Amino acid sequence: MNVQQTSLPIQSSATSTPRLAQIGLAIFLGLFVVGVSGFSHIEAIHNAAHDVRHSLAFPCH
Amino acid sequence: MALFRNIVFIAALAGLIAGLTMTAMQYAGTVPLILKAETFEGAAEPAHEHAATPNTAAAPHAHDHDKEEGWAPADGFERSAYTALANVVTAIGFALLLVAASELRGGMSGWRQGIFWGLAGFVVFTLAPGLGLPSELPAMPAAELGQRQIWWVGTALATGIGLALLVFKQSLPLAVLALALIVAPHLVGAPQPESFESPIPEALAHNFVVMASVTSLVFWVVLGGVAGFVRSRAQQMA
């Protein structure tokens with residue numbers, strides 16, 4: 001797979017952490033954030049995000 | 001960690017803008033319908049003549065909701081503020097996934113390519129799960145929450161992988177596999193409620209599905225478009 005077609009310029013200066021690991025970390029962070037806001041069973045979080053969950057078609061109630 | 005920092009920066013900006021846009025659209029489109037549905041939630045069902053159970057038809061739904069007694073934002077400004085906050089947070093989460101996925105393919109080259117990534121996000125996170133589990137209003141009958149969440153996540157995952165195989169792999173067998181992945185969750189079928197009896201009028205429920213889908217479409221297009229734009233600008237400035 002041809003992965004690196006274009007890359008962000010700032011990145012060329014520092015390549016200490018592998019590209020895939022950084023992308024993986026970002027995906028993990030994204031899953032965590034969506035998991036809390038859209039899927040948490042904690043009552044207070046559910047109630048705070050209630051209208052958003054319904055509007056974005058997350059399973060609710 | 002420069003790439004990670006860039007992804008977070010792009011996602012935060014795109015999420016902020018798309019989340020606030022979504023909040024405005026919700027207050028015009030979906031929230032009035034949610035508030036309307038909540039008036040049905042407390043009220044008993046409109047007189048149903050059930051021979052066996054004359055008066056208890058609405059009890060299960062009403063009871064379900066009475067359990068929700070934890071903290072909740074007060075209606076009005078507080079509820080709106082939390083809705084805006086939750087929109088922005090959710091949007092940043094989705095943007096992180098979208099931007100990170102696009103970096104696997106070399107990144108979004110500009111706002112137009114960003115919009116296509118956004119459309120893919122709409123298909124994966126709104127359209128596919130929504131086929132089996134249409135956006136529902138409060139008080140509508142639904143299967144057990146955990147099961148629906150599992151089906152939702154599985155469907156989004158299968159659709160995402162399927163879409164990526166279709167678009168990025170030029171191979172007929174993989175295209176067939178991709179289609180199978182996209183179709184499979186719907187053959188399995190989404191968890192269904194035991195009873196479909198609903199206190200919500202069908203027209204209201206339908207209207208909500210339309211509004212939720214359309215606002216989500218615009219949300220994803222804005223999210224992808226802004227992310228692509230910010231990324232290309234950041235690239236030019238460096």
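Which residues does L96(B) touch, not counting residues up to four places away in sequence? I looked this up first: L96(B) touches A26(A), L29(A), G30(A) and V33(A), as well as I7(B) and A11(B). I count a contact where the C-beta atoms of two residues, placed from the backbone, lie within 7 Å.

**Ground rules**

I am working from a predicted model, in which local features need pLDDT of at least 70, side-chain atom pairs count only at pLDDT 80 or more, and totals for chains, interfaces and linings use all residues. Residues are numbered from 1 along each chain as its sequence is written, and chains are lettered from A and ligands numbered from 1 in the order in which they are written.

**Confidence**

I noted ipTM 0.85 and pTM 0.85 for the model. pLDDT is the predictor's confidence in each residue, from 0 to 100. For chain B the mean pLDDT is 89, with 88% of its residues at 70 or more. I marked residues 44–67 of chain B, where the pLDDT is below 50; beyond near neighbours in sequence, this stretch has twelve contacts in the model. Where pLDDT is low, the predicted coordinates should not be read in detail. Chain A averages a pLDDT of 82, and 74% of the residues score at least 70.

**Elements**

I took helices (H or I, at least four residues) and strands (E, at least two) as DSSP runs, numbered from the N terminus. Chain A has three helices and zero strands. Chain B has eight helices and, again, zero strands. For burial I used this rule: a residue is buried if 20 or more other C-beta atoms lie within 10 Å of its own, exposed if 12 or fewer, and partly exposed in between, with C-beta atoms placed from the backbone. Buried residues are 36% of the 61 residues in chain A and 41% of the 238 residues of chain B. Among contacts in chain B between residues at least 6 apart in sequence, I found that 85% join residues at least 24 apart.

**Where the chains meet**

I found 52 residues of chain B in contact with 39 residues of chain A. On the chain B side, α1 (2–28), α2 (31–42), α4 (77–104), α5 (111–132), α6 (145–168) and α8 (202–237) each supply at least two residues. The largest share of that side, 14 residues, comes from α4(B). By type, the residues on the chain B side are 30 nonpolar, 18 polar and four charged. Here Ala, Val, Leu, Ile, Met, Phe, Trp, Tyr, Cys and Pro count as nonpolar, Asp, Glu, Lys and Arg as charged, and the others, Gly among them, as polar.

**The core**

A nonpolar core is a set of buried Ala, Val, Leu, Ile, Met, Phe, Trp, Tyr and Cys residues joined through C-beta atoms within 7 Å. The largest one has 67 residues, and L96(B) is among those with the most contacts inside it, as are I7(B) and A11(B). I listed the elements that give two or more residues to this core: α1 (19–39) of chain A, with α1, α2, α4, α5, α6 and α8 of chain B. Its largest share, 13 residues, comes from α4(B).

The expected span of a helix is 1.5 Å times one less than its number of residues. α4(B), with 28 residues, reaches 41 Å from its first C-alpha to its last, close to the 40 Å expected. For α7 (residues 172–188), 17 residues should span 24 Å, and the end C-alpha atoms are 24 Å apart, which agrees. A178(B), I182(B) and P185(B) are buried in α7(B).

G130(B) lies in helix α5 of chain B. Why is G130(B) counted as buried? Because G130(B) has 20 C-beta neighbours inside 10 Å. G130(B) touches A57(A), S135(B) and S213(B), not counting residues up to four places away in sequence. A57(A) lies in the segment after α3 (50–55) of chain A. A57(A) has 23 C-beta neighbours inside 10 Å, so A57(A) counts as buried. I also noted that the phi of A57(A) is positive, near 65 degrees, in a residue other than glycine.
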